[in-house]
Amino acid sequence: MKMSEAIRFHFDVDGDNFTSAGQASVQIKKNLRQLGISPETIRRVSIAMYEGEINMVIHANGGSADVLVYEDGIEIILADKGPGIPNIELAMKEGYSTAPDNVRNLGFGAGMGLPNMKRYTDDMKIETEQGVGTTITMRVNL
């Protein structure tokens, strides 16, 4: 795959809608498959992206997801205008969750989102500001 600049895919993530959560990661799977990306890379990208989408629905009333495909890697940028992450170190601990009970009753909010996002990507950067929002940039190398 030769390309001089990134191929960009943009998705809006609908807040408070668990039925549509995950649509962007399903679509990106199809897009990456059409580009000839390896199944293992597609799996890693779609898991990281799905976890991020769910987090945006639970905590931030939605947001946006941008996926940029470069010759040497795939960058995922998830941005929201939610409350921000008060304690990133704590939020990165497996099992730590601030999800409300109604969300947990739906089977979400187990505290694995951020740890899984980190586990399935080669690089992850979290920029967050209380009351302003969070941007998470992840990269999967090709």
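Which helices and strands each supply at least two residues of the lining of the largest pocket? In this predicted model, local features require pLDDT of at least 70 and side-chain atom pairs pLDDT 80 or more, whereas totals for chains, interfaces and linings use all residues. Residues are numbered from 1 along each chain as its sequence is written, and side-chain values use heavy atoms, without hydrogens and water.

Helix H2 (39–60), strand S3 (73–80), helix H5 (113–119) and strand S5 (133–141) each contribute at least two lining residues; helices (H or I, at least four residues) and strands (E, at least two) are DSSP runs numbered from the N terminus. A pocket is an open set of points on a 1 Å grid over the protein atoms alone, where a 1.4 Å probe fits, with protein on both sides within 12 Å along at least five of seven lines; lining residues have an atom within 4 Å of a point. The largest pocket holds about 640 Å³ of space, the volume being that filled by probe spheres set on the points, which are joined across faces, edges and corners. Its lining comprises 34 residues, of which Asn55, His59, Thr98, Gly113 and Leu114 are the closest to the centre. H2 gives the most to this lining, with 9 residues.

Threonine 19 is located in the loop between S1 and H1. This residue is exposed, at a relative accessible area of 74% (exposed means over 50%, with a 1.4 Å probe and protein chains only). The side chain of threonine 19 forms a polar contact with that of asparagine 17 (2.5 Å); such a contact is a pair of N or O atoms within 3.5 Å, one able to donate a hydrogen and the other to accept it within protein, and residues adjacent in sequence count only if both atoms are side-chain atoms.

Terms used:
Buried < 20%, exposed > 50% of the residue type's maximum accessible area, 1.4 Å probe, protein only.
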